Amino acid sequence: RKALVTFQIFLSLVLLIGTDVVYKQVKYLTSKDIGYSYQSVLVVKAPNTNDEKSVYSNKLKVLKDRLLTNPDIKGFTVTSDIPGKEIDNFFGCYKKGDDPSSGNGYYRTDIDPEYTGFFKAKLLAGRDFTELDRQAGDKLIVNLKAMYRIGYNDPNEVIGKIVIADNKEYTIIGVMDDMNYFSVKSEPMPT
């Protein structure tokens, strides 16, 4: 009888400690700063079309303009990859003047000028994209992980630097704080 009571007390303690550990983990995961805000966000995946980039962009602009006439819709942004999903775009680049074989791989997310404001992402240095930047396609905003991988240690130092990808020069115009784009359980990716 003593052994049964001892076992019950032991089992109760194990369950209480286990419950406390699970509670703390859930609290940590739900309160961790992931680098962006997704509260009250509706994500709509645009269909893949065979339209030229300019035609596709114009269609998205018409959709955006129509949706923003609704007073319940506070913002609209376009991105190639949705936060919370795996990033599908990948490219390699290296600093201008360095050996091309010194390049590294990076994830790439195409975003519009409203992206950082929409998701309340933290821009640490430099500036956001403009519509002209988006059209030219020769500017980059990198996150901290990418900045370190490129070979810089200070967000202000990297602004205006040029990297080369696919024989094209890109000017870094901004540095964004790291975002847990895929999951809180994984490290932010160099993007």
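Predicted model: local features only at pLDDT ≥ 70, side-chain atom pairs only at ≥ 80, totals over all residues.
Reader: Which other strands pair with strand 6, and in which sense, parallel or antiparallel?

Author: In a regular strand the side chains alternate between the two faces of the sheet. As for the pairing here, strand 3, residues 123–126, meets strand 6 in the antiparallel sense over three bridges, and within that pairing glycine 126 has glycine 174 as its bridge partner. Strand 4, residues 139–143, runs parallel to strand 6 and is joined to it by five bridges, among them the place where asparagine 143 stands opposite methionine 176.

Reader: Which residues of the largest nonpolar core touch the most other members, and which elements supply at least two residues each?

Author: The core holds 17 residues, and those that touch the most other members are Val142, Met147, Ile150, Val163 and Val175. Strand 1 (89–95), strand 4, helix 5 (144–150), strand 5 and strand 6 each supply at least two residues of this core, and helix 5 gives the most, with four residues. Another core, of nine residues, lies apart from it and includes Ile111, Tyr115, Ile173 and Met176.

Reader: With its neighbours within four places in sequence left aside, which residues is valine 163 in contact with?

Author: The contacts of valine 163 include Cys93, Tyr94, Leu140, Ile150, Tyr170 and Ile172, and also the charged residues Lys95, Lys96, Lys168 and Glu169. Two of these, lysine 96 and glutamate 169, meet through their side chains in a salt bridge, at 3.0 Å from N to O. That pair links distant parts of the chain, since lysine 96 lies in the loop between strand 1 and strand 2 (104–108) while glutamate 169 lies in strand 6, 73 residues apart. Lysine 96 counts as partly exposed at 46% relative accessibility, and glutamate 169 is also partly exposed, at 40%.

Reader: How many salt bridges does a search of the whole structure find, and how far apart in helix 2 are aspartate 65 and lysine 61?

Author: The search finds seven salt bridges. In one of them, aspartate 65 and lysine 61 have their closest N and O atoms 3.1 Å apart, and because the two are four residues apart in helix 2 (residues 53–67), they are separated by about one helical turn. Aspartate 65 is partly exposed at 39% relative accessibility, as is lysine 61 at 48%. In another salt bridge, the side chains of lysine 139 and aspartate 138 meet at 3.1 Å, N to O.

Reader: How far from aspartate 178 is the nearest side chain of opposite charge, and is aspartate 178 buried or exposed?

Author: Aspartate 178, in the segment after strand 6 (168–176), is buried and has no salt bridge, and the nearest side chain of opposite charge, that of lysine 145, is 5.2 Å away. A salt bridge requires the side-chain nitrogen to be within 4 Å of a carboxyl oxygen. The side chain of aspartate 178 does make a polar contact with the side chain of asparagine 143, at 3.4 Å, and reaches the backbone nitrogen of leucine 144 at 3.1 Å.

Terms used. Residues numbered from 1 in each chain as written. Heavy atoms only, no water. Buried < 20%, exposed > 50% of the residue type's maximum accessible area, 1.4 Å probe, protein only. Polar contact = N/O pair within 3.5 Å; in protein donor to acceptor, adjacent residues only side chain to side chain. Pairing = 2+ DSSP bridges. Core = buried A, V, L, I, M, F, W, Y, C linked by side-chain atoms within 4.5 Å. Contact = heavy atoms within 4.5 Å.
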